[in-house]
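Please read it alongside the sequence and the coordinates.

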Amino acid sequence: MRVLVVEDQPDLADSVARVLRREGMAVDVAYDGGAALERAGVVDYDVVVLDRDLPVVHGDDVCRALVGAGSASRVLMLTASGTVANRVEGLGLGADDYLPKPFAYAELVARIRAVARRSQPAAPPVLVHGDLRLDPAQRTATRAGARLPLSPKEFAVLEYLMTCGSRVVSAEELLERVWDEAADPFTTTVKATVNRLRAKLGEPPVIETVARAGYRI
């Protein structure tokens, strides 16, 4: 999942980003509304976590711009004001969900996952392929009943591939959906991660390499 966190308090923005990355999400950060619109113009984010009171371009105007442009990104609006009137107003701007500050990180993660599901075909709560089972909510993966010690990136790659079913997924697509903007597009990190993942999954092989195309389950 690719997420844009837009928050003008750097400490809070960076803290949220760290939590989401630990959950296997690819996270970019913008500290004002203008930067948010620039990033959203070049990256198709699954979810934009948007503070309402932003400098340069107000969060309300960022939300209006995203909705008006027909963006597929889901918007989770954050605000220090949690009154019913403010929540109704925020949702009226086109936001998909609204979370008042202060908030619990566990609830933020759950709400991000919930709004992201609205933009894609419903996936089963537990992904299964043969004796391989992956539970995104519990962040667990097992094969033949044995727990797999996957890193957050390995888990995210496996989750994305399993969600795509038998479709071939290119290395470029994996880099865009699983890594953030800091990733070097010319790096071999996708190949290295898939190789480590294969080793942990064991035999028989689960991930197939399709020559000059990518990977698939």
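1. Pro102 lies in the loop between strand 5 (97-100) and helix 5 (105-117). Helices (H or I, at least four residues) and strands (E, at least two) are DSSP runs, numbered from the N terminus. The peptide bond that joins Lys101 and Pro102 is cis, with omega at about -5°.

2. The model is predicted: local features need pLDDT of at least 70, side-chain atom pairs count only at pLDDT 80 or more, and totals for chains, interfaces and linings use all residues. Residues are numbered from 1 along each chain as its sequence is written, and side-chain values use heavy atoms, with hydrogens and water left out.

3. Pro204 belongs to the loop between helix 8 (189-201) and strand 10 (208-210). As background to this point and the next, most peptide bonds are trans, and most residues other than glycine have a negative phi.

4. Positive phi values deserve a check at Val56, where phi is near 70° in a residue other than glycine, and at Ala144, which is not a glycine either and has a phi of about 55°. Val56 sits in the loop between strand 3 (47-51) and helix 3, while Ala144 sits in the loop between strand 8 (140-143) and strand 9 (146-147). Val56 counts as exposed because its relative accessibility is 70%; Ala144 is likewise exposed, with a relative accessible area of 64%. Here buried means under 20% relative accessible area, exposed over 50%, and partly exposed in between (1.4 Å probe, protein chains only).

5. How many aromatic pairs does a search of the whole structure find? The search finds 1, formed by Phe103 and Tyr105 in an edge-to-face arrangement, 6.0 Å centre to centre with 70° between the planes. Rings of Phe, Tyr and Trp (its six-membered ring) pair if their centres lie within 6.5 Å; planes under 30 degrees apart count as stacked, over 60 as edge-to-face and the rest as tilted. Phe103 counts as buried because its relative accessibility is 16%, whereas Tyr105, at 31%, counts as partly exposed.

6. Tyr105 also takes part in a helix contact, treated here. Helix 1 (residues 10-22) and helix 5 pack at an angle of about 65°, their axes being 11 Å apart, and so helix 1 is roughly perpendicular to helix 5. Axes are lines fitted to C-alpha atoms, for helices over the stretch in contact, and angles run from 0 to 180 degrees between N-to-C directions. Angles under 35 degrees count as roughly parallel, over 145 as roughly antiparallel, 65 to 115 as roughly perpendicular and the rest as oblique. Leu12, Ser15, Val16, Val19 and Leu20 of helix 1 meet Tyr105, Leu108, Val109 and Ile112 of helix 5, contact meaning heavy atoms within 4.5 Å. By class, this contact has 8 nonpolar, 1 polar and no charged residues. Ala, Val, Leu, Ile, Met, Phe, Trp, Tyr, Cys and Pro count as nonpolar, Asp, Glu, Lys and Arg as charged, and the others, Gly among them, as polar.

7. Helix 2 (residues 33-40) and helix 3 (residues 59-68) pack at about 15°, with axes 9 Å apart; helix 2 is therefore roughly parallel to helix 3. Helix 2 contributes Gly33, Ala36, Leu37 and Ala40 to the contact, and helix 3 contributes Val62, Ala65 and Leu66. The class count for helix 2 with helix 3 is 6 nonpolar, 1 polar and no charged residues.
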